[in-house]
Amino acid sequence: MKLIILDRDGVINHDSDAYIKSPEEWRPLEGSLEAIARLTKAGYRVAVATNQSGVARGLFDLATLAAIHAKMHQAAAAAGGRIESVFFCPHAADDQCGCRKPKPGMLEEILRRYGAEARKVTMVGDSQRDLEAAAAVGCRPVLVLTGKGRDTMRKGGLPPETLVRVDLAAVAAELAP
Ligand SMILES: [Mg+2]
Ligand SMILES: [Zn+2]
């Protein structure tokens, strides 16, 4: 079983410091949907793990988040890919939950649900917290330079096993040549 875990904002879609609060604000990055399709066709199961503290902040509710994800699922499907599952943390940074990245809870849950062996699973993110969560559970962290990725690389201090790739399309091309 081949599993890949993707962060959402800055990896699949354009990020915004003002949060993605509606389906209209969710816009795919160039090439990301085709990358997901490429992974799907190569037999990868694609799961998304995303921090959505905008829920805790009252910026959007769970129904809106579901609508945003429905748009994302449809967009991936229209490109010939499949996002199999979306896991999200709705909590704020000070909620002390175990699921908000860089905490490992969300990735642990995904690995458990899929019965996947962490060291065989790639986790793609654009933020330090994605990479730290991946490293904490033993997944392979890959930093992409879309979204906050360039800032993340500039700040340094990445988990030592982190790979850096230009974008999700480059990751897909490497995993599914
Ligand atoms: Mg991100
Ligand atoms: Zn949480």
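Reader: Hi! Where does R57 sit?
Author: R57 is in the loop between β2 and α2. Just so you know, this is a predicted model.

Reader: Okay. Is R57 buried or exposed?
Author: R57 is exposed, because its relative accessible area is 54% and the cut-off for exposed is over 50%.

Reader: And how far apart are R57 and G105?
Author: In sequence R57 and G105 are 48 residues apart, and their C-alpha atoms are 21 Å apart in space.

Reader: What about F60, where is that?
Author: F60 also has its place in the loop between β2 and α2. F60 counts as buried, with 6% relative accessibility.

Reader: So which residues is F60 in contact with?
Author: Leaving aside neighbours within four places in sequence, F60 is in contact with Y19, I20, K21, Q52, G54, V55 and L65. G80 is 20 residues from F60 along the chain, and the C-alpha atoms of the two are separated by 29 Å.

Reader: Switching topic, what holds the magnesium ion? I mean, which residues coordinate it?
Author: The magnesium ion (ligand 1) is coordinated by D7 (OD), D9 (O) and D126 (OD), at 2.1 to 2.2 Å. The spacing of these donor residues in sequence is D-x1-D-x116-D.

Reader: Which parts of the chain does the pair D9 and D126 tie together?
Author: D9 lies in the loop between β1 (2-6) and α1 (32-41), while D126 lies in the loop between β4 (122-125) and α4 (128-137), so the pair ties together parts that are 117 residues apart in sequence.

Reader: Are D9 and D126 buried or exposed?
Author: D9 counts as buried at 12% relative accessibility, and D126 is buried with a relative accessible area of 1%. The cut-off for buried is under 20%.

Reader: Zooming out, how many helices and strands are there?
Author: The chain has six helices and six strands. Read along the sequence, they follow the pattern β-α-β-α-β-α-β-α-β-α-β-α. The radius of gyration is 15 Å, close to the 16 Å that the globule rule gives for 177 residues, so the chain is as compact as a globular protein of that length.

Reader: What does the C-alpha trace span?
Author: About 40 × 35 × 35 Å along its principal axes. Of the 177 residues, 49% count as buried.

Reader: Which residues of helix α3 are buried?
Author: In α3 (residues 105-114) the buried ones are G105, M106, L107, I110, L111 and Y114.

Reader: What covers them?
Author: The cover for the buried residues of α3 includes β1, β2 (44-51), β3 (83-89), β4 and α4. After α3 comes G115, whose phi is positive, near 60 degrees.

Reader: Last one, where does R82 lie?
Author: R82 lies in the loop between α2 and β3, and at 48% relative accessibility R82 counts as partly exposed.

Reader: Which residues does R82 touch?
Author: Not counting residues up to four places away in sequence, R82 touches I36, T40 and V46. A37 is 45 residues from R82 along the chain, and their C-alpha atoms are separated by 6.7 Å.

Methods: Residues numbered from 1 in each chain as written. Chains lettered and ligands numbered in written order. Predicted model: local features only at pLDDT ≥ 70, side-chain atom pairs only at ≥ 80, totals over all residues. Heavy atoms only, no water. Donors = N, O, S within 2.8 Å, 3.2 Å for Na, K, Ca; no water. Helix = DSSP H or I, 4+ residues; strand = E, 2+ residues; numbered from the N terminus. Buried < 20%, exposed > 50% of the residue type's maximum accessible area, 1.4 Å probe, protein only. Rg over C-alpha atoms; globule rule 2.2 N^0.38 Å. Contact = heavy atoms within 4.5 Å.
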